[in-house]
Structures are given as structure tokens and as C-alpha cells.
Amino acid sequence: MKPLRLSRNNRNRLTALGFLAPNLLGFLVFTLIPIVIGIGMSFFRWDGANDPVFIGLKNFARMFTDTKFANSLRVTLTYTLLTVPITIVLSLFIASLLTTKIRATSAFRSVFFFPYIASIVAVAIVWQFLYHAELGPINQFLHALGIANPPRWTSSKDTALLAVAIMNVWRAVGYYMVLFIAGLVGIPASLYEAGAIDGANAWQKFRHITLPMLSPTTFFVVIISIINSFQAFTPIYIMTGGGPGIATQVLVFRIYEESFVLSNFGYASAMAMALFLIVLVFTVFQFRTQEKNVAYMQ
Amino acid sequence: MVGSAKSLARNILGPRSGTHLLLYLFLIGASLVMLFPFMWMLSSSFKPDKEIFEFPIQWIPQNLHPENYVRVWNTIHYGRLLFNTSFLTVMITALQILTCTLAGYAFAKIPFPENRIVFLCYLATLMVPFQVVMIPQFTIIRLLGLMNSHWAIILIQAFSPFGVFMMRQFFLNIPIELSEAARIDGLNELGIYARIILPLSKPAIASLAIFTSVFVWNDFLTPLIYLNTAAKWTIQLGLRSMFAEYTADYGGVMAGAVLAILPVLVVFLLLQRFFIEGIAMSGIKG
């Protein structure tokens with residue numbers, strides 16, 4: 001019998017398959033195939049029990065006339081505008097303070113970071129109590145300051161989204177702070193020394209050295225924070241349940257409700273595709289601007 | 001390197017020591033804001049309901065009321081929740097480390113012809129929001145007859161493409177000469193993976209383990225979709241159901257919140273460095 005001989009390519013294929021197999025199998029069944037099914041499902045009407053019915057682009061057409069969908073887009077966008085800019089500015093500010101020559105920086109870093117890894121459910125519940133319109137410490141404090149009619153936070157449709165947004169800024173600021181600290185520490189000291197010799201003042205150094213050198217980090221933080229803000233589900237589910245009315249029904253909440261509460265899996269999939277498209281547009285747009293604006297280290 | 005940022009801030013803030021004092025005051029004030037919800041939660045968890053909303057806040061309760069904890073332990077069967085959550089966390093983290101390091105090794109160290117294209121498939125899926133796969137995963141799990149089973153969550157989360165990506169990036173930085181020397185010494189691929197690459201990758205594996213376990217511990221949406229009966233619930237589901245059902249039991253809910261956060265706090269205090277370096281590492285390379 002001839003010994004089995006494999007070309008180098010085939011031998012590598014076989015070895016690689018051995019290493020890949022466990023993950024690849026799970027990846028195919030629980031990630032890649034679901035993505036393909038998800039795209040396909042958006043062209044069907046399906047209640048999860050009866051056979052799916054192909055309806056072409058009707059799910060997508062429905063989105064254009066669905067006021068609840070339009071509302072969810074508006075709420076999502078507002079939520080992003082309420083959280084992302086302030087979170088980025090605050091986290092960059094704290095990161096620059098924590099890279100100065102002060103003591104206990106690592107203790108401060110841990111304090112700022114911890115809310116990010118604490119149970120979201122627990123944290124959302126505690127904030128819900130803090131926000132309590134009559135009894136909550138926040139409004140009792142505002143009363144004590146002489147404010148007669150403080151905002152009713154999560155129980156009013158005008159302030160519910162703001163209340164969730166404030167909680168989320170508090171929760172996420174430490175995460176982006178850690179990313180900014182890593183970026184700041186990587187900027188070579190020689191640049192600031194050169195700037196000092198040229199007589200640049202503090203603002204000029206920040207504007208012309210720190211910001212350009214930090215732009216890869218900033219770019220990453222902006223993308224991640226926008227994408228995260230588009231996916232905020234748990235705090236809204238716990239604190240407001242999408243309400244009052246539909247005031248805090250962000251897109252991902254709408255998708256959850258449409259699928260697992262109302263069993264309209266086809267329409268929910270179509271909305272998920274819309275979410276995917278939005279995330280993709282932001283990513284591509286950010287990559288484009290990055291190519292133009294980002295100064296690279298080398 | 002660190003000096004750069006330090007000199008930056010010195011330039012922004014000026015060399016006077018007065019600014020240092022201001023800096024400390026600001027940072028301490030901000031820290032108190034960050035800690036306020038946790039301190040209030042802890043203090044309230046030992047109070048009877050009528051004292052919780054007293055103003056000004058009585059930070060140290062006149063009488064400690066640990067019975068809130070006893071009540072939580074019994075009403076939401078905290079022991080069972082703790083067991084379920086720990087089981088999921090350990091299983092998913094262990095499986096992720098195993099499958100992600102194996103796959104990461106193939107992508108980083110084996111030059112098979114389809115390496116690039118298969119890896120691109122993995123990368124592309126990182127951009128897809130969970131909501132896109134949520135419904136098809138649900139139908140597949142139902143098809144497999146795994147509804148209301150912990151295995152639904154384990155299977156969905158054990159093969160993280162992000163974990164593969166993270167491991168590959170780390171393995172790429174390990175010089176190929178090390179593998180080649182080991183090969184000359186007679187080690188096969190599995191031996192190189194197990195005896196050379198894995199021991200050198202402890203920091204990356206620790207980061208992956210920490211993130212996965214914290215994510216699984218705190219995850220709410222996946223258990224919400226798959227686990228219907230209270231016997232299967234995780235801590236997060238139990239806590240949320242207690243919050244929804246026992247709306248007037250403020251002290252009990254606060255005690256439940258403390259119990260949900262405590263394990264993560266303990267691990268965080270022990271491994272702070274890994275948490276923060278791990279985030280920075282995955283962040284910069286991502």
C-alpha cells in the first residue's frame with residue numbers, strides 16, 4: 001500500500017481544520033447561518049408557529065409608514081445625542097486628569113471604571129429608586145434647594161429618556177476613560193518638549209499635539225460609543241419599559257417587542273436589518289473621515 | 001511614555017501646587033458622584049422600608065436590618081440563582097477559552113490557503129448587531145429542543161468571534177521563531193499550541209476570561225429570551241422579577257442588588273490591573 005502523501009497545502013488545511021473545527025462549527029450554526037437566515041426572514045411574514053409567507057419588500061415598505069418605527073428612530077437618535085458627546089468629553093477630561101502627576105490615580109481609575117462592570121439590572125434598579133419623583137433622594141435634594149417642581153424623571157415622558165441617558169453616562173464614562181488613558185500614555189513626551197521650545201501654550205499643545213496624536217483612539221471611541229448607544233436595551237427595559245407611552249422605545253426595544261412579545265418575526269427582522277444598515281453607515285462614514293483626518297503614530 | 005501625558009497636564013494646569021489641590025478636590029467630588037448610588041444601595045439594604053427615603057440621608061442606619069438579605073435569599077431563591085449563574089459563567093468562559101485559543105492559533109500560525117477569507121468572515125460578523133441574529137438563533141435553539149435550557153445560552157455564547165479575533169491578534173505578536181525551534185525539537189502543532197503559545201498568552205487569556213465571565217454574569221437579554229421558568233433563572237432575571245413583583249419591598253430589592261453586584265466587586269478588587277489593562281488592550285487593538 002502506498003503511504004498517504006499530502007501536499008503542503010493540504011496538510012496545512014487538515015491541521016487548520018483540526019484547530020478550527022470546534023469554534024467554526026459553533027460559529028456557523030450560531031452566528032453565520034443566523035445572519036443569513038435573519039436577512040432572508042426580513043422578506044417573510046412569520047408568526048413563529050405557522051409556515052412563513054414570502055411577502056417581498058412589504059416589511060420594508062411598512063417601516064416607512066409605521067409611526068412607531070419612526071418614533072423609535074427618533075428616540076434612538078436623541079438618546080445617542082444625549083449620551084455620546086458628553087460621555088466622550090467627560091471621559092477625555094477625566095483621562096487627562098488621571099495621567100497627571102498626582103497620587104492615587106489607580107484608585108480613582110478603579111472608582112470611575114467600576115460602574116461599567118457592575119450588574120446593569122442592579123444599577124438600573126437603584127437609579128430607578130434614586131429618580132423616584134416624590135421620595136427619591138435626587139428630588140428631595142432638589143426640593144431642599146428650593147426647587148418646587150423638580151423633573152419627574154422616569155415617570156414623565158419629557159424627562160424619561162434624559163434620566164436613562166444620565167444613568168448611562170455615569171455607567172460608561174469610566175470605560176471610555178480607560179481607552180483614552182491608554183491613548184494618552186502612548187503620546188511621545190518629545191512632542192510636548194518640542195512644543196514647549198516653540199513657545200506653544202497649553203491650549204495650543206492640546207489642540208495641535210494631543211488631539212491629532214489621540215485621533216486613532218478618539219475615532220475608535222466615537223464608533224464604539226455610537227454603536228453601543230444604538231444597542232441600549234437593558235436599562236430601558238428595567239427603568240421605563242419603553243414608556244411612559246412610547247417615549248423611550250428605542251429601536252432595539254421595538255425589535256424585542258415586535259419579535260418576542262408580538263411574534264412578528266419577519267417585520268422584526270426587517271427592523272433589525274435597518275439597525276444593521278445604520279450601524280454599517282456609521283462605521284463606513286467614520287472610516288472615511290479617519291482616512292482623511294487621522295494622524296498616524298509612525 | 002507616561003511622562004508625556006504628565007507633562008501635558010502640567011502644561012494645561014500650570015506648575016502651581018494650588019492647581020493640584022483643585023485637581024484633588026474635583027476628582028474626589030467626581031468619585032463621590034460615581035460611588036453615591038452604590039453607597040446609597042448598601043446603606044438602604046440594611047434599612048426598613050420607611051427609613052430608606054428619609055432625607056437627609058442617614059448613611060449609617062440606626063439599627064442594622066440584615067433580615068432584608070434573609071428575605072431576598074428566600075423569596076427569589078438566591079442560592080439557586082447563584083448556582084445557575086455560576087454554572088453558566090464557568091461553562092461559557094471555559095468553552096470560549098478552549099475554542100477561541102484553538103481557532104486563534106489556526107488563524108495566527110497555520111498558513112492554510114483559505115486562512116484570510118475565513119478570518120474575514122469572522123471579522124465581518126463582528127459588525128453585525130445582536131438583534132440581527134437574535135431571532136434566527138431563537139428558532140435554531142427551538143429546533144434543537146433547547147428552549148428553557150441553560151445549554152441554549154451556553155451554545156450561543158461559547159463560540160465568540162470576538163474572542164477568536166482577540167486571541168489571533170495576541171498570537172500574531174509571538175515570534176514565529178519560537179514555534180519553529182519547537183518544531184525542530186520534535187513538537188507537533190498541538191504541542192506547540194499547548195506548550196509554547198498558551199503559556200506565553202496568559203495575559204490575553206486572563207483578559208478574555210475576565211470579560212467573558214463579567215459579560216455572562218451581567219447578561220440580561222439572552223437569559224430573558226431563553227429561560228422561562230424560575231428554576232432556571234439567573235441572578236439578573238431573579239432580581240428584575242423581584243423588582244417588578246415586590247414593588248414595595250425597597251429594602252429587599254436593595255439587598256438583592258447588593259448581592260448581584262458583590263461577586264463582581266470582589267473579583268474586580270482582586271484583579272483590578274487585569275480588568276483595566278485588558279480593556280485597554282482589546283480597545284487599542286480592536
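Biologist: Is Ala163(A) buried or exposed, and why?

Modeller: Ala163(A) counts as buried because 24 C-beta neighbours lie inside 10 Å. A residue is buried with 20 or more other C-beta atoms within 10 Å of its own, exposed with 12 or fewer, and partly exposed in between, the C-beta atoms being placed from the backbone. This is a predicted model, in which local features need pLDDT of at least 70 and side-chain atom pairs count only at pLDDT 80 or more, while totals for chains, interfaces and linings use all residues. Residues are numbered from 1 along each chain as its sequence is written, and chains are lettered from A and ligands numbered from 1 in the order in which they are written.

Biologist: In which helix does Ala163(A) lie, and with which residues is Ala163(A) in contact beyond its neighbours within four places in sequence?

Modeller: Helices are DSSP runs (H or I, at least four residues; strands are E, at least two), numbered from the N terminus. Ala163(A) belongs to helix α7 (residues 160-185) of chain A. Contact requires C-beta atoms, placed from the backbone, within 7 Å. With neighbours within four places set aside, Ala163(A) is in contact with Tyr131(A), Trp153(A) and Thr154(A). Thr240(A) is 77 residues from Ala163(A) in sequence, and their C-alpha atoms are 9.7 Å apart in space.

Biologist: What is the phi of Trp153(A), and where is Trp153(A) found?

Modeller: Trp153(A) has a phi near 45°, a positive value in a residue other than glycine. Trp153(A) sits in the loop between α6 (137-144) and α7 of chain A, and counts as buried because 25 C-beta neighbours are inside 10 Å. Ser263(A), also not a glycine, has a positive phi of about 55°. Ser263(A) is in the loop between α11 and α12 (265-293) of chain A, and is exposed, since 12 other C-beta atoms lie within 10 Å.

Biologist: At what angle do the axes of α5 and α8 of chain B cross?

Modeller: Axes are lines fitted to C-alpha atoms, for helices over the stretch in contact, with angles from 0 to 180 degrees between N-to-C directions. The axes of α5 (residues 78-109) and α8 (residues 150-157) of chain B come within 9 Å and cross at roughly 30°. The two helices are therefore roughly parallel to each other; angles under 35 degrees count as such, over 145 as roughly antiparallel, 65 to 115 as roughly perpendicular and the rest as oblique. Residues making this contact include Phe87(B) and Met91(B) of α5(B) and Ile153(B) and Ile154(B) of α8(B). By class, the contact has seven nonpolar, three polar and no charged residues (nonpolar: Ala, Val, Leu, Ile, Met, Phe, Trp, Tyr, Cys and Pro; charged: Asp, Glu, Lys and Arg; polar: the others, Gly among them).

Biologist: How many residues of each chain are in contact with the other chain?

Modeller: 79 residues of chain B are in contact with 85 residues of chain A. Helix α15 (residues 250-285) of chain B gives the most to the side of chain B that touches chain A, with 13 residues. That side has 60 nonpolar, 15 polar and four charged residues.

Technical notes:
Contact = placed C-beta atoms within 7 Å.
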